[in-house]
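Please open the model in your viewer and keep the selection panel at hand. The stops below follow one another as a series of selections.

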Amino acid sequence: MFVDTHCHLNMMAVKNYGDKFELKDLDIIKDIIIRSQKTNVNKFLTVGTSLQDSNISILISKNFEQVYSVIGIHPCDSENIFDLSEIEKLIVNKKENKIVGIGETGLDFYHKPYDKVKQINFFEKQIELSIKYKLPLVIHVRESVQEVFDILKTYKNNITGVIHCFSQDKEYAKKFLDLNFYLGIGAIITYPKNNYLREIVNFMPLNRILLETDAPFLPPQEFRGKQNSPEYIPITAQAVALAKNIDIKEVEVQTTQNAIRLFNAAGGSLPLP
Ligand SMILES: [Zn+2]
């Protein structure tokens, strides 16, 4: 069994990016889960990006046994929020809300305009929530790797989590591994130009790799231009297997164990297959 450790099921279900999620959209998610089970993907972490989105993640995870939620405020959504009190209220009930992580948080200095001070403030506050509630962090990095690293470093030995859709160089891979973080590997590893990522995966210990899609974004090479889906996780697993010159079965077993080890530490709600 594979785990998709990072997808946005709510965004997959709506017609256009940003459309409001409605209860009837749960039927679309049901279909996505059924399709994914056919390719042996049977656990899903659906990730919130705003308060509203986080509530929807919880709603989805409560509706489907196979789905768990990661909740938090994406750096690009930090403009529209004043504090994290509502997020914290959800985390207090982490067990019944099936919350297994905090995110996606981090820093994004790519999408302009951005408020650097506010982003850093919300990033640090979410790190503090992760410590307080013993939940791993799911971290978004864009044009901000040094700043993210510098902040995480100040909390070393008190935090863990995943650098989602890792796309930095080998030096940063080593630095994040040294901070006790996992690296989330997505379908960008299948893109012809991304030799650097295949090289990183080749040297990285398999016990620190998590598989993810970031669906509906970043589909594998063969589906570029289309919506990404958790059902394509085995394509990324195959690319990891090829980069490490091992069998895909080994990737499947180990990355699922990794996901359980990281996200289970929270409250034991992600069960063993
Ligand atoms: Zn994402």
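Select helix H6 (residues 145-153) together with E4, E5 and H7, against which the buried residues of H6 pack; contact here requires that two C-beta atoms, placed from the backbone, lie within 7 Å. Helices (H or I, at least four residues) and strands (E, at least two) are DSSP runs, numbered from the N terminus. This is a predicted model, in which local features need pLDDT of at least 70 and side-chain atom pairs count only at pLDDT 80 or more, while totals for chains, interfaces and linings use all residues. Residues are numbered from 1 along each chain as its sequence is written.

Within H6, now pick out Val145, Val148 and Leu152, which are its buried residues, where buried stands for 20 or more other C-beta atoms within 10 Å of the residue's own, exposed for 12 or fewer, and partly exposed for anything in between. Looking down the axis of H6, you will find that these buried residues fall within an arc of 65°, so they line one face of the helix; the arc is taken over the directions from the helix axis to the C-beta atoms. An α-helix has 3.6 residues a turn, so residues three or four places apart point the same way. Turn to the other side of H6, and Asp150 and Lys153 are there, both exposed.

Next, select helix H8 (residues 195-203) and H9, whose axes come within 8 Å and cross at roughly 70°, the axes being lines fitted to C-alpha atoms over the stretch in contact and the angles running from 0 to 180 degrees between N-to-C directions. H8 and H9 are therefore roughly perpendicular to each other, a label that covers 65 to 115 degrees. To show the contact, display Arg198, Val201 and Asn202 of H8 with Val240, Ala243 and Lys244 of H9.

Move on to the loop between H5 and strand E5 (137-142), where Lys134 is found. Its phi is near 55°, a positive value in a residue other than glycine, and Lys134 is exposed, with 11 other C-beta atoms within 10 Å. Then select Asn180, in the loop between helix H7 (170-178) and strand E7 (181-185). Asn180 also is not a glycine, yet has a positive phi of about 75°, and is partly exposed, with 14 other C-beta atoms within 10 Å.

Finish with the peptide bond from Lys112 to Pro113, which is cis, with omega near -5°; Pro113 lies in the loop between strand E4 (99-108) and helix H5 (116-132).

Key:
Angles under 35 degrees count as roughly parallel, over 145 as roughly antiparallel, 65 to 115 as roughly perpendicular and the rest as oblique.
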